[in-house]
Amino acid sequence: MAASVAAAAGRLRRAIRRSPSWRGLRALSSEAPPTQAAAVRDAFLSFFRDRHGHRLVPSASVRPRGDPSLLFVNAGMNQFKPIFLGTVDPRSEMAGFRRVANSQKCVRAGGRHSDLEDVGRDLSHHTFFEMLGNWAFGGEYFKEEACSMAWELLTQVYGIPEDRLWVSYFGGDPKAGLGPDLESRDIWLNLGVPASRVLSFGPEENFWEMGDTGPCGPCTEIHYDLAGGAGAPQLVELWNLVFMQHNREADGSLQPLPQRHVDTGMGLERLVAVLQGRLSTYDTDLFSPLLDAIHQGCGAPPYSGRVGAADEGRIDTAYRVVADHIRTLSVCIADGVSPGMSGAPLVLRRILRRAVRFSTEVLQAPPGFLGSLVPVVVETLGDAYPELRRSSAQIASLVSEDEAAFLASLQRGRRVIERTLKRLGPSDVFPAEVAWSLSLSGNLGLPLDLVELMLEEKGVQLDTAGLERLAQEEAQHRALQAEPVQEQGLRLNVHALGELQRRGVPPTDDSPKYSYSLRPGGGYEFGTCEAQVLQLYTEDGTAVASVGDGQRCGLLLDKTNFYAEQGGQASDRGYLVLVGQQDVLFPVARAQVCGGFILHEVAAPERLRVGDQVQLHVDEAWRLSCMEKHTAIHLLNWALREALGPSTEQRGSHLNPERLRFDVATQAPLTPEQLRAVEVTVQKAVGRDEAVYVEEVALARAAHVPGLRSLDEVYPDPVRVVSVGVPVAHALDPASRAALHTSVELCCGTHLLRTGAIGDLVIIGERQLVKGITRLLAVTGEQAQQAREVGQSLAREVEAAAARLSQGSRHVAEAHRLSKDIGRLTDAVDTATMPQWQRRELQATLKALQRRANTAIRKLEMGQAAQKTQELLQRHTEGPLIVDTVSTESLSMLVKVVRQLCKHAPSTSVLLLSPQPLGQVLCACQVAQSATPAFTAEAWALAVCSHMGGKAWGSRVVAQGTGSTADLEAALSAARAYALNQL
């Protein structure tokens, strides 16, 4: 019976973890009055502070500070990683943490742990949730206290009936050499949990690991039985208690941690549902105010908690999506993450656009509705997280602005989908090219998962294989942009250009590319452009009258608002539509200048003809990112001249939405101090949010601007002058000399109207191309901020390592761990996206620390080797042979013991074995000079290590090796027998 219950519970729990569904289950309680969520949170914190002496710490920001492995903070333990990894600065406040508790804001969307696509489909998934947790560091307490506290809180403070609680523990892992966690089992039994409700599971369920390497250990979980004895158990996990007692090494082995830790986590939303007797987390007071506000604001039918086929029109699904997503948006924006184009900001943009789609198309919400929900979130969570109250107005403004910007794209996307569906056969899949053109990676900015959901509602499958191919092509294209090469796009050859000139076709008017303005809220508004198709070209350059059926073609128009790649700025991308036919998108991959004509590379899903009138739309996010980088390049050029002197000259540049590259002529490599000074100069100009002035002037007049750069290139006449902070007319006045103190350049690129939108600039790479020319790589905006945070985080780790080294190590194992940490830090600093000046400084510091660490290890090993040598000499007073075991942490330590023994007893041959965790055995030996020539150390070690199934290496005099055996005596006997036979 117990086995069948355990199996059922395991299946239930695994299913619930992946896709929890609480449908059809009886209410959790009908007697006790509901407990308000705020009181549940407060009771948890008060319990650990007042009854058990824990320190309460604030929730960390959901934006990970200096941890590029995470998009968002997704667990309570994230902020305590330095303690678990042993890298905490001993001088820091965190180093003093012993007992800690808090309620941590968590987001699971994007990355490895993402619940985004499940939100709304069931009654329990969320992208934002609160994790209640308590921690004990450095062995402050361990399993017995942790389990007792958890049981006390659940049963005595929250009043959960004991017969509704089940527990699981780690049942062992023979492959890893780990036995079952019988200690945890016995603790639960002693607390009164019946043996039938104490279940064991393997490492997949009950062994927690931070990552591929690092601290890990068994965990025990507390589950709640929703069925309450009415039929088979229906278990949901309430609380996970992790006991960190091992360290996963790079080779996959497990070593005991010098200090053990407790790390527990319990989701507030699920706990509140249990305590309020609700079948769904959405039925608790964490969500009911939002659901009521959605009903009042939209006029949709009231929320009724339906899922699946029972949810007609997906009304309740939309309620859940909007309620969850506005909480996530509010918390993230309050913590400094705004919708954007990469990383966490891109995920947040997806979340906002999913919310807009469900609110407008399913709930029929009026424009601006999402922003009106922000005060409800603030009222619900603001007391626990005051930053929400401080940022309430900013959150509502950002949400409303992005909602308005997305609505037009959403409506157009819906029309494109409807038209495409009409052309499909009953069994056809939706074309990947159309979905891609609608997506965030394409043109309209619809998240792909949202496109897939819209198709799912129509019962149509998406061509996922085609999408994967397009995603790979996009990744390859972006990789090429990192180090740009001349792409083999469509071009006009000399014959095509001659034909156009013969026909008197004028060059393309591309002045509309400069048609954009700042909105009152600070965002940019880009105008559309209507144009006529003058000529179409096939991929081989043949002029044709029409194209279609997915053909890739070259398109020549009388005018365009697309920026064609030139001056180091990447081409625009976007789409066009036929005037009067808004439901077919013609994606534009790039635009190129060919003899004054702008050739657009277009995919034509339907018929496109010469003479057609089209409307062009640039990808606004792509363009804006290029504008930020281009204005940043101008500031960088000026800042380099400020730092290195007026003779500093630009030797080339390239920019795309991801990053910028700048080549500069220098007499010597830039120092860290110069790199930092350049960044500070740019930061000041960005912080002043200076106006960027642009004006066309006669080339001859522009040539007289004091200090003007880049007159060695060919420019049109008149030429565009771009001046930062100073009107062009003033910069042109020779008497003002204003151009000597700011950036003034001749440029045909597209620029910001104010410098503040750059946000920040960080130089993340630097290398010498040839003698005298340095290439700099830089990022801006959110990426720059992340780079600074990574740099600050690594700098703190280096400071902590230095402090640990200064304190000294008492044990060889501790010294080796510190040396490994310094090596790991060195690798991280070498490869991280961080400020280059800081990388150079930290590399120099780490090099010195590594030398000191190695010296400390040698001293400790020599001291311990001497001690172990004396112990062995006392056991082996005479004879030509010493074969024994000794406890050492490393092979180098074992070799030192062998060498010292032979130094004290030069006529003695020595072989020592050192057992390690998980059955591994280290071996080292040295043969006395007086031994026969046939007796060599290498052969001796090989004989013994082969006996243990391992390998050996070395010379005639000294050798070492490794093997694995559970019978050390047999290995020692083999060693003695071999040596005696040779002697």
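The model is predicted, and its secondary structure comes to 28 helices and 32 strands. Of the 983 residues in the protein, 55% are buried, and the C-alpha atoms fill a box of roughly 105 × 80 × 55 Å when this is taken along the principal axes. Among contacts with a separation of 6 or more, 71% are accounted for by residues 24 or more positions apart.

**The four-stranded sheet**

- Four strands form an open sheet in the order β21-β22-β27-β26, and their pairing is antiparallel.
- The edges of this sheet are taken by β21 (649–655) and β26 (761–770), each of which has a single partner strand, so one side of each is left without a neighbour in the sheet.
- From one strand to the next, the twist of the sheet averages 20°.

**The β28 and β29 pair**

- Strand β28 (residues 881–885) is largely enclosed by the rest of the structure, because four of its five residues are buried.
- Strand β28 is joined by five bridges to strand β29 (residues 909–915), and the two strands run parallel.
- Within this pair, Ile882 has Val910 as its bridge partner in β29.

**Cavities**

- When the whole structure is searched, two cavities of 30 Å³ or more are found, and the second largest cavity holds about 40 Å³ of space.
- The lining of the second largest cavity is formed by Pro512, Lys513, Ser515, Phe526, Gly527, Asn561, Val618 and Arg623.
- By residue type, the lining of the second largest cavity divides into three nonpolar, three polar and two charged residues.

**Ser793, a residue in a helix**

- Ser793 lies in helix α23, which covers residues 781–807.
- With a relative accessible area of 12%, Ser793 falls under the 20% cut-off and is therefore counted as buried.
- Once neighbours within four places in sequence are left aside, the residues in contact with Ser793 are Arg65 and Gly66.

**Thr35, a residue in a loop**

- Thr35 has its place in the loop between α1 (2–18) and α2 (37–51).
- The relative accessible area of Thr35 is 30%, which lies between the cut-offs of 20% and 50%, so this residue is classed as partly exposed.
- Thr35 is in contact with Val40, Leu275 and Gln276, again leaving aside its neighbours within four places in sequence.
- Although Thr35 and Ala273 are 238 residues apart along the chain, their C-alpha atoms are separated by 9.4 Å in the model.

Notes: Residues numbered from 1 in each chain as written. Predicted model: local features only at pLDDT ≥ 70, side-chain atom pairs only at ≥ 80, totals over all residues. Heavy atoms only, no water. Pairing = 2+ DSSP bridges. Axes fitted to C-alpha atoms, helices over the stretch in contact; angles between N-to-C directions. 1 Å grid on protein atoms, 1.4 Å probe; cavity = no way out; pocket = protein on both sides within 12 Å on 5 of 7 lines; lining within 4 Å. Points joined across faces, edges and corners; volume = space filled by probe spheres on them. Nonpolar A, V, L, I, M, F, W, Y, C, P; charged D, E, K, R; others polar. Buried < 20%, exposed > 50% of the residue type's maximum accessible area, 1.4 Å probe, protein only. Contact = heavy atoms within 4.5 Å.
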